[in-house]
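Subject: Structure handover and notes

Dear colleague,

I am passing on the structure that you will find directly below. Please read the notes after it with the coordinates open beside you.

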Amino acid sequence: MRIHFGSAAPCVLRLGGVSAGYCGETEKFADVAQERLLAEFLPADGDLLPLSFILEEKFFERPPRCCDVYRYGCGADVYAARFAPREGGLRVLAQGRAGELLVTVLAAGGQAQAAIEGGGRSTLAPLPAAEHYEIASCAVNGQEFAAVHCKQKRGMRLLLFNARCECAFDAPVTDYEAGGALTVRHALADTAGHTVTYTLRAEDGALSETGREVRARAGFDPNALPARVLPFALFEEIAAGGDPTPYLSPALAPRAHLLKEYLGNFCAVQVPKEIFYLTHGQINAAGLVYPEAENLFEIRFFAADVADGRVTNVSPVG
């Protein structure tokens with residue numbers, strides 16, 4: 001089994017007690033034959049604690065919270081995503097008021113949480129890792145929400161809490177506007193450079209979507225894509241909620257609405273690793289990522305036949 005290793009922080013990777021070199025944004029891989037293998041991530045930042053675990057069947061069925069795991073038939077990806085700081089205790093990262101709510105962002109053991117208090121109620125909500133956090137007030141058609149901005153290198157995650165201290169919204173965003181409605185924009189780093197814009201309306205503390213628009217970057221033309229890129233662009237179009245018809249042959253286009261149901265609830269598209277091509281040959285395929293649990297994902301591969309600049313068939317691989 002080939003396992004790729006990555007890390008959110010620069011690390012020395014040790015496998016079975018032997019150094020396998022540095023990893024971080026650049027992955028390392030190993031072909032693992034033994035049933036149980038000790039994997040250790042030793043951060044270059046001395047203020048972070050190391051991570052270690054045994055790679056075995058149970059690990060890939062229920063990985064520890066510190067890791068994100070992606071399983072596929074010919075291998076797996078293990079990403080050390082969440083390191084804890086050496087210093088203990090409780091740290092206040094941000095605090096602010098929004099209407100009657102007081103929101104305090106706390107960190108303990110590497111996990112950030114939002115403590116929300118107001119109206120005789122309180123709750124503690126886990127937050128995603130971020131470089132820094134901000135608290136703001138957000139009013140949507142007259143209803144007040146507390147906004148927590150979780151700002152990361154590649155964007156922001158927005159959480160909105162209503163007057164009952166309940167989380168009413170949690171999603172990645174590029175920017176947003178509040179007023180008579182909540183308008184959210186999310187720019188995707190995909191082939192077409194999609195921007196997804198959707199609006200939501202508030203009712204009794206809940207937010208419901210009332211409209212959505214998916215738009216590719218100016219000047220993007222599916223007809224200009226190379227045959228090797230076309231399947232990835234097609235699957236990314238579906239993942240973004242756009243119209244796949246321009247990518248499909250005349251025979252397949254009338255069934256475009258069935259593609260999403262056929263492919264299932266995937267959340268991202270990946271280029272297959274080298275082991276995929278060594279196993280299945282040089283076929284034109286993409287990996288679709290399906291969430292199984294909070295930090296566990298399955299990658300399924302789909303091949304696409306292309307003729308005359310259009311996809312003529314989509315079929316599973318393996």
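This is a predicted model: local features need pLDDT of at least 70, side-chain atom pairs count only at pLDDT 80 or more; totals for chains, interfaces and linings use all residues.

Residues are numbered from 1 along each chain as its sequence is written, and side-chain values use heavy atoms, with hydrogens and water left out.

Four strands form an open sheet in the order 17-18-19-20, with antiparallel pairing; strands (E, at least two residues) and helices (H or I, at least four) are DSSP runs numbered from the N terminus, and two strands pair if DSSP finds at least two bridges between them. Strand 17 (175–178) and strand 20 (206–215) are at the edges with a single partner strand each, so one side of each is left without a neighbour in the sheet. From one strand to the next the twist averages 15 degrees, where axes are lines fitted to C-alpha atoms and angles run from 0 to 180 degrees between N-to-C directions. Nine bridges join strand 19 (residues 195–203) to strand 20 in the antiparallel sense, and Ser208 in strand 20 is the bridge partner of Arg201.

Cores. A nonpolar core is a set of buried Ala, Val, Leu, Ile, Met, Phe, Trp, Tyr and Cys residues joined through side-chain atoms within 4.5 Å, buried meaning under 20% relative accessible area with a 1.4 Å probe and protein chains only. The largest such core has 26 residues, and those with the most contacts inside it include Phe5, Phe53, Phe60 and Val78. Among the elements that each supply at least two residues of this core are strand 1 (2–7), helix 1 (57–61) and strand 8 (75–80). Apart from it lies another core, of 25 residues, among them Ala233, Ile238, Val269 and Ala286.

On a 1 Å grid over the protein atoms alone, a cavity is a set of points where a 1.4 Å probe fits but cannot get out, and a pocket is an open set with protein on both sides within 12 Å along at least five of seven lines; lining residues have an atom within 4 Å of a point. Grid points are joined across faces, edges and corners, and a volume is the space filled by probe spheres set on the points. The second largest pocket has a volume of about 170 Å³, and helix 3 gives the largest share of its lining, four residues. The largest cavity, of about 50 Å³, has Tyr72, Asp77 and Phe301 among its lining residues.

Best regards

Terms used:
Buried means under 20% relative accessible area, exposed over 50%, partly exposed in between (1.4 Å probe, protein chains only).
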